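Thanks for coming. Please have a look at it on the screen.

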Amino acid sequence: MIIAPSILSANINNLEEDIQKIEKSEAQYLHIDIMDGHFVPNLSFGPNIVQSLRKISTKVFDVHLMVENPDEWIEKFATAGADVIGVHYESSPHIYRTLTEIKKLGKQAEIVINPATPIGVIEEVLPIVDQVLVMTVNPGFGGQAFIENMLDKIAKLDDMKKKFGYQFKIEVDGGINEKTIQKCKKSGANIAVAGSYIFAGDIEDRVKKLNDVIED
Ligand SMILES: O=C(CO)[C@H](O)[C@H](O)COP(=O)(O)O
Ligand SMILES: [Fe+2]
C-alpha cells in the first residue's frame, strides 16, 4: 500500500524541513490539497507552491483539486509538476472531458467522490482513470473523523474493479490513522492519504508505523 502524506497538515512556517523529512521517509507520494474557497469552504495552495515543491521533492505529486471549474486549472497544475491530478465528480458536469484532458497532458487521471456520492455515478469513467479517490471525510479540512460506512463503498469499488478487470488504484483520504488504514486495506484500498496523523508526530516514524500496521 502506498502512503501519501498530505501537506495540508505540514508546518507552513518550515515547509522545506517537513518536505525533507517526507523525502527520507518510506512514503511514495506527496498529497497536495488544492482548495478554492468555493467548492470547499477553505483556501490552500496554488500552482506556484506545487512548482516550488517540485524543486525539492522527488515523490509522486498527487494533486487533489477541490475547485469549481477544474478545467481552468488542470494545465496549470500539470505544468507546475503534478504527476496525478484528481478531480471531483461533483465539481463539473463534464468530468469525462476533464479526465481525458488530464491524460492528454501526459498525467495520471483520478476521479474523486465525496462521502455522499455513490459509486454508480462514476461507472462510465472507470475504464479511463488511473485512480479513484474515495473521500472518507467531507473535503475542506484536515483532522476530521473517518466515516466508517465508506468501507462498504471501497469494497464495492474493489469488487467492480475485479469483475471488469480495471487497473485503477483505490485511494482513501481523510481520518487515516493506524486503525483506519487497516480497515481500508482490508476493504481494497491501495493508497492512503494521511495528514494530521503523520504531522502530529515524528514524520518518518509515523509513515513507518502506518506501513508496519498494514504489513501485519
Ligand atoms: O483532502 C483533504 C481534506 O479535504 C485532506 O487530504 C485530508 O483531510 C487529510 O487530512 P487528515 O488525514 O488530517 O484527515
Ligand atoms: Fe486530499
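Which of the 22 residues around ligand 1 come nearest? They are Ser6, Pro139, Gly142, Gly195 and Ser196. Keep in mind that this is a predicted model.

As for where the shell comes from, the elements that give two or more residues to the shell around ligand 1 are strand S2, residues 29–35, strand S8, residues 191–194, and helix H7, residues 196–199. By residue type, the shell around ligand 1 has twelve polar residues, eight nonpolar and two charged.

Now to the strands. I'll take S7 as the reference point.

S7 has a pairing with strand S6, residues 131–135, which is parallel and runs over five bridges. In that pairing, Val134 stands opposite Val172 in S7. Together with helix H5, residues 150–164, strands S6 and S7 form a β-α-β unit, and that unit is right-handed.

S7 also pairs with S8, again in the parallel sense, over three bridges. Here Asp173 stands opposite Val193 in S8. To get from S7 to S8 the chain passes through helix H6, residues 178–187, and this β-α-β crossover is right-handed.

Conventions: Residues are numbered from 1 along each chain as its sequence is written. Chains are lettered from A and ligands numbered from 1 in the order in which they are written. This is a predicted model: local features need pLDDT of at least 70, side-chain atom pairs count only at pLDDT 80 or more; totals for chains, interfaces and linings use all residues. A residue is near a molecule or strand if its C-beta atom, placed from the backbone, lies within 6 Å of it. Helices (H or I, at least four residues) and strands (E, at least two) are DSSP runs, numbered from the N terminus. Ala, Val, Leu, Ile, Met, Phe, Trp, Tyr, Cys and Pro count as nonpolar, Asp, Glu, Lys and Arg as charged, and the others, Gly among them, as polar. Two strands pair if DSSP finds at least two bridges between them. A crossover is right-handed if, with the strands pointing away from the viewer, the path from the first strand over the helix to the second runs clockwise.
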